[in-house]
Amino acid sequence: MRMGKRESKYNRFIYLGLVVLCLGFFWWSSGSKGLGGEQAADAGFEKVQFVEDSREGGEKAGEVLIIKGHVTKEVEAGSVLFMRIFHIGVQVYQNETEIFAYGTVPAAGYPSLGDLWTGYTLKEGISPEDEVEFRLSAPAQTLVFSSTGRYEYFFDNLYVGSWSQFMRAILVDNIPHLLLALFFITNSIVIWFGALALKRAKLEVGPSVFNGAYLFLAMGLWMLVNGYFLSMLTTDNGLIMSLEHVLSFLMAALMFRYLSSILKSRAGLLNKALEYVVILMLVVSMLLQGLGILDGFAFLSKTVLLILVLIVLAEGSLIYEAVITKEKMARYRLLSAAVLLFFIVLGVMEFLFVMPQNDMLYDLGFFIFACMQLAFILYYLRKKLREAQQARDLELELSEARTQLMISQIRPHFIFNTLNAISALCLEDPIRADEAIVQFSKYLRANITVLEGPKMIPFPQELEIIENYVAIEKLRFDERIAVEYEIEFTDFKVPMLSLQPIVENAIKHGLVKKKSGGKIIMRTEQADGFAVITITDNGVGFDTEEASKKEESVGMRNIRTRISISCQGELLVVSTPGAGTQVTVRIPLAKDE
């Protein structure tokens, strides 16, 4: 569904305001810190083998679970005890003495306690004979689902070692997840700049390409911002949870935004409405947390069923669009989006019934979606580039057709004036008249030869046409015209009849309009991989600022277009009233030139 300019500005305003609100939210949330650990000397990094001796409590919602037991292998003093916290409070006792506590007094703004790694440097070693006691609790507001999975997850992620070994182990164990996140972020940047380049080249690029790039970026950042990675860089629990919470909603909003841009029926309006619903939910959740009523994770836990309903509605809109559309590529894109939504539904179901959840379903769905979308985007970009090349070829053919029409007509007044000048010479100076006829025939023959030949011709061939033309004009204006050639470089090609009109323009509008006439200097040189042709006259000149306000002459515009399209060259005009004009043409040289 195409977006109008007013709607596009409205959406930019909404997301700009949302960015400002989120930045303020992150700043406010960053005061809620978890417990970090101190650096320890390198030691062996291994999983702690804990044997449970007794268990009590934890059967009722909000009740503390007390588990007592012992380790099977001695843990040395100075080692760091690493624990994975997933929205639970933890107290650790050694021989009835508390050695570690997290979440017993919930941090302001985040009673859900967070999803992060934390570590504690042991001041004394732990031997197999020591009694180790864990007291675990889950905040009441997050007990929409069972807390049993969180406790088991905690004991499955008890490690001992050094911080450097811990970070290395986490990175190695999660390399696929990390690479996938970087894959999304990199591709989002490439797609965005590629689409921007096409747009600046005045090619039509649909909003779905940019929306797809934004969605990829949100996916990649969401995969990076979780307890696996971010808690290795900061112990700021509030910041970690805020980023994950905001990115979860933004990713959902951008997903619906992307769908609304690829759907052409009324289903696009439905997804646009779903986008605004998710944005509203994000704003409400931030307000509730700011007021201390409900934090982000608790809000997400209580509204996950609503989000599931929104996703099902979006899936239904894709099915509806796939039924009514007949375009193969449209159905392909709809299929990729449907696959993404399917895996998101599975992930949400896992969130509902398996706490904590495994991100593998999300990763798999994101990866399949990304591969299918990248295949489409490559197809789309190739198509646009092919269309751009066809447009350039068509423009060049049109420009060449105009040139051929102008040259084929060869301006009757020019032929008439030349024949009159030759006629006068026949009586005054027959020998000179004969030379003039030869020059005129060479000029006509050269023009006809060029029209029948290739579009790009060697510079010496163009120079010959210029010399013949100047010789004919001297018959009419005699000593009022002087032309000097300072030719230092000739091994390059130019579009046919692209330089002769510039010389003609200098004579007609520069020298002839000056009573005393003037001189033209034509130079060529090689500089920085370019053939540089400079045509300078000391004629009457003109005001370039005043001329820029008016439309460029058809002839000069045609020359500029042909030089740009035929050989990616450029034309620059500099003029001063009363002093003259300088035209510079820069043509890039081929590698073999």
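**Exercise 1. In this predicted model, which strands stand at the edges of the open sheet of 5 strands, and why is one side of each left without a neighbour?**

Step 1: Write down the strand order, which is β2-β3-β8-β5-β6, with antiparallel pairing.
Step 2: Look at the two ends of that order. β2 (50-57) and β6 (97-102) each have a single partner strand, so one side of each lacks a neighbour in the sheet.

**Exercise 2. Over how many bridges do β3 and β8 pair, and which residue of β8 is the bridge partner of G69?**

Step 1: Find the two strands, β3 at residues 65-71 and β8 at residues 132-137.
Step 2: Their pairing is antiparallel and runs over 5 bridges.
Step 3: Now pick out G69; its bridge partner in β8 is V132.

**Exercise 3. Which residues of helix α3 are buried, and what do they pack against?**

Step 1: Using under 20% relative accessible area as the cut-off, go through residues 163-173: W163, Q165, F166, A169 and I170 are buried.
Step 2: Look down the axis of α3. The buried residues fall within an arc of 160°, so they line one face of the helix.
Step 3: Turn to the packing partners of these buried residues, which are β4 (80-86), β7 (115-121) and β9 (158-161).

**Exercise 4. What is the helix content over residues 175-198 and over residues 299-320?**

Step 1: Start with the record: an unreviewed UniProt entry places "transmembrane region" features at several stretches, including 175-198 and 299-320.
Step 2: Residues 175-198 are 100% helix and 0% strand, with end C-alpha atoms 34 Å apart.
Step 3: Residues 299-320 are 100% helix and 0% strand, and here the end C-alpha atoms are 31 Å apart.

Note on methods:
Residues numbered from 1 in each chain as written. Predicted model: local features only at pLDDT ≥ 70, side-chain atom pairs only at ≥ 80, totals over all residues. Heavy atoms only, no water. Buried < 20%, exposed > 50% of the residue type's maximum accessible area, 1.4 Å probe, protein only. Helix = DSSP H or I, 4+ residues; strand = E, 2+ residues; numbered from the N terminus. Arc of directions from axis to C-beta. Contact = heavy atoms within 4.5 Å. UniProt positions renumbered as here; feature names shortened; annotations may be inferred. Pairing = 2+ DSSP bridges.
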